[in-house]
Amino acid sequence: MDAIAHKSPTDYHISLPDWLAEAIEIANDPNQDDEDSELIAHAFQFAYQLHEGQYRRSGEPYIAHPVAVAGLIRELGGGSAMIAAGFLHDIVEDTDVTCEEIEEKFGEGVRHLVEGVTKLSKFNFSSKTERQAENFRRMFLAMAKDIRVIVVKLADRLHNMRTLEHLKPEKQRQISLETREIFAPLANRLGIGRFKWELEDLAFKYLEPEAFQEIRELVADRRTDREARIEEAIEILRERFDKAGIEVEELKGRPKHLYGIYQKMQQQQKEFEEIYDLAGIRAIVKTREDCYRALAIIHDAFKPVPGRFKDYIGLPKPNRYQSLHTTVMGNHGKPIEIQIRTMEMHHIAEYGIAAHWLYKESGGATDFKPTPEDEKFTWLQQLLEWQNDLKDAQEYIESIRDNLFEDDVFVFTPQGDVVALARGATPVDFAYHIHTEIGNHMKGARVNGRWSVLDTPLQNGDIVEIITSKNSHPSLDWLNFVVTPSARNRIRQWYKRSYREENISRGRSMLEKELGKAGFESLLKSERMQKVAERSNYQNVEDLLAAIGYGEITTHSVASKLREESLKEQQLEQNEATENLEEETVQTLPTTTSRQPKKSTTSQSPIAGVEGLVYNRAGCCDPLPGEAIVGVVTRSKGITIHRQDCPNVENIESDRVIPVDWNPINANNGKRSATYTVDLEVEVIDRVGIFRDILARLSDQNINVSNASVKTGQNKPALINLSIEVKDHEQMEYSFKKIKQMTDVLSIRRLFDNNSN
Ligand code: MN
């Protein structure tokens with residue numbers, strides 16, 4: 001292939017295929033200097049050779065596609081590196097050429113662009129949820145870093161959409177769906193209106209062929225009538241503008257894009273009849289002031305439709321779009337939509353981010369070479385500047401949120417779903433993000449097919465695969481490097497639970513030592529043991545063992561309760577035996593322990609056995625009705641009532657301990673039964689509203705809360721301290737159960753004076 005630089009299509013004296021004519025035109029753009037032309041011609045020739053013998057489905061030589069892409073980029077005002085990248089964008093994917101070779105031949109800039117486009121081509125976007133689509137768009141922006149990569153990718157997509165008719169219907173739908181969900185919104189975000197509209201209309205054509213045809217025909221049918229009305233209005237306006245001395249660069253009817261009409265019909269629930277008639281006019285004037293003057297003239301010439309004026313000059317859209325919009329009533333009683341803008345605003349509306357290149361360089365097509373940081377910075381800078389103008393704060397916040405992607409990293413599951421994580425997130429964060437159980441049983445991770453160290457921060461575009469095993473467990477060390485709060489909380493939670501297992505097994509062996517091996521296992525499963533657990537304020541035997549394990553209750557006190565239960569059982573058997581089998585020999589009753597209290601049903605005091613004495617409830621164990629209690633004779637404060645299993649009681653000489661018990665509550669002579677304060681500590685996963693939910697549960701049970709406070713800490717479960725008023729042990733147990741059932745509650749325990757801190 002001859003060099004095409006410094007040639008014009010007519011130099012060949014034969015009729016050239018369109019793509020070759022276009023390539024020659026691109027390489028000989030008078031706005032380019034020689035160096036640029038060389039680079040572009042060289043890139044074309046390289047691509048031509050490499051794609052030689054490849055054909056598209058349309059039957060055209062493959063090279064026609066890269067040429068068209070390069071042409072679209074040139075149309076947008078892209079510089080020589082971008083145009084060269086347009087020619088070369090498919091060669092790494094489709095041929096043996098490496099990125100290193102491209103750098104050698106065309107420089108680092110071109111390599112960077114081709115590499116970026118190749119990378120973006122690898123992802124499969126089909127059938128994603130809306131949220132996934134948004135993640136993809138954000139990932140695109142984050143990954144591409146250099147916005148020019150996305151512009152090349154969009155040009156590639158646009159040409160593929162233009163030639164989609166040659167593919168199978170299934171493929172057409174899939175590609176169109178991606179275009180609608182990912183690429184058209186991206187073009188919109190970059191403000192490239194002309195790409196956005198065409199991409200949307202093409203996707204519309206393949207996704208809703210019937211609606212597309214219908215609207216297209218209806219629009220064509222009314223064309224003449226509508227065009228006549230537009231012409232008439234334009235004549236009136238032109239005359240008025242002239243008189244006012246406003247110089248008009250362009251004043252003409254404006255094509256409406258079909259998908260826009262369709263969307264309006266859907267969103268506003270309007271019939272096509274109400275929308276097709278809408279005529280559009282665009283006026284391009286010299287200056288910003290002229291825009292407003294033109295507006296005044298238009299509103300004078302025609303009646304404005306109330307509520308339809310929008311000032312996007314004063315309040316530009318986040319994608320930098322600026323214009324005045326108004327709708328007026330034309331002479332035939334039909335509305336006309338009018339846009340007023342300057343030429344620069346028009347370019348921004350059509351080319352968006354690319355308009356920047358057109359205006360930055362006086363030559364027009366000179367390559368714009370910002371460092372990626374510069375580019376991003378100016379973009380963000382602009383967003384920040386607009387903040388001052390944007391009255392619609394919501395819109396502003398959304399635009400910022402969409403653009404500040406620096407804090408996120410986007411990675412893939414092996415199935416190709418995008419997961420957004422905080423920057424610095426590791427495979428462990430990823431695993432917990434997917435599922436708690438995956439995190440808890442994580443054994444290792446493969447990142448991009450290779451085994452990875454678990455604390456390695458993930459990079460944009462990494463494909464992460466978690467390997468699990470039944471026997472793997474979290475390591476405490478993970479807490480040193482995970483960055484997401486959810487991973488942190490789940491690891492802690494796991495440890496709480498596993499710590500519990502350890503405590504249970506420790507408690508079990510401690511108790512076994514105290515009671516002896518014989519019959520121990522069956523004892524643990526017995527009803528007697530369950531009773532002891534309940535009497536000691538634990539829901540079940542496991543909880544009791546765990547409590548022994550971490551020293552909340554002594555084996556000694558469990559053993560003594562066991563003995564009591566066993567005695568009770570014997571007594572019961574005895575009684576049954578005497579009642580039912582009177583003839584049988586009555587065994588000697590076992591002696592009751594000294595702790596058996598005397599009962600008094602007549603006393604007004606809630607406690608039997610302290611009649612006439614001064615007494616108070618011990619703060620170290622806060623005994624409640626329903627719990628076994630003892631009285632301790634103190635030197636100065638009368639009798640203190642302790643729980644029988646209170647650790648403080650064990651160290652007291654037995655002659656100071658007197659047997660007491662609760663009087664039945666119904667014996668309080670009809671008085672409202674007394675309530676007792678119990679202090680609790682609830683450990684919860686910190687979330688908004690959990691505190692309120694707990695209070696609501698308590699109030700459902702008519703439990704009064706006299707004191708409440710919350711302690712939160714970064715990445716820690718929150719602690720809620722409550723003082724509640726309960727009638728008895730049973731009510732307290734019930735409320736514990738209710739609170740424990742809440743999903744975000746990790747644990748609940750009573751606090752006493754000696755262990756609250
Ligand atoms: Mn391509």
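K286 sits in the loop that links β2 (279-285) to α16 (288-301). Leaving aside residues up to four places away in sequence, K286 touches E247, E249 and T342. The chain also brings K286 and I246 to 8.2 Å from each other, C-alpha to C-alpha, although 40 residues separate them in sequence.

Four strands form an open sheet in the order β13-β15-β14-β16, and their pairing is mixed. At the edges lie β13 (615-617) and β16 (657-659), each of which pairs on one side only. On average, neighbouring strands of this sheet are turned by 35° against each other, direction ignored. Strands of a sheet pair through backbone hydrogen bonds, and can do so in parallel or antiparallel fashion. Here β14 (residues 629-633) and β15 (residues 639-643) run antiparallel and are joined by 5 bridges.

How far can the model be trusted? The mean pLDDT of the protein is 79, with 79% of its residues at 70 or more. Over residues 581-603, however, pLDDT stays under 50, and the model has 28 contacts beyond four places in sequence for this stretch. Residues 667-672 also stay under 50, with 6 such contacts. Where pLDDT is low, the predicted coordinates should not be read in detail.

Key. Residues are numbered from 1 along each chain as its sequence is written. This is a predicted model: local features need pLDDT of at least 70, side-chain atom pairs count only at pLDDT 80 or more; totals for chains, interfaces and linings use all residues. Side-chain values use heavy atoms; hydrogens and water are left out. pLDDT is the predictor's confidence in each residue, from 0 to 100. Contact means heavy atoms within 4.5 Å. Helices (H or I, at least four residues) and strands (E, at least two) are DSSP runs, numbered from the N terminus. Two strands pair if DSSP finds at least two bridges between them. Axes are lines fitted to C-alpha atoms, for helices over the stretch in contact, and angles run from 0 to 180 degrees between N-to-C directions.
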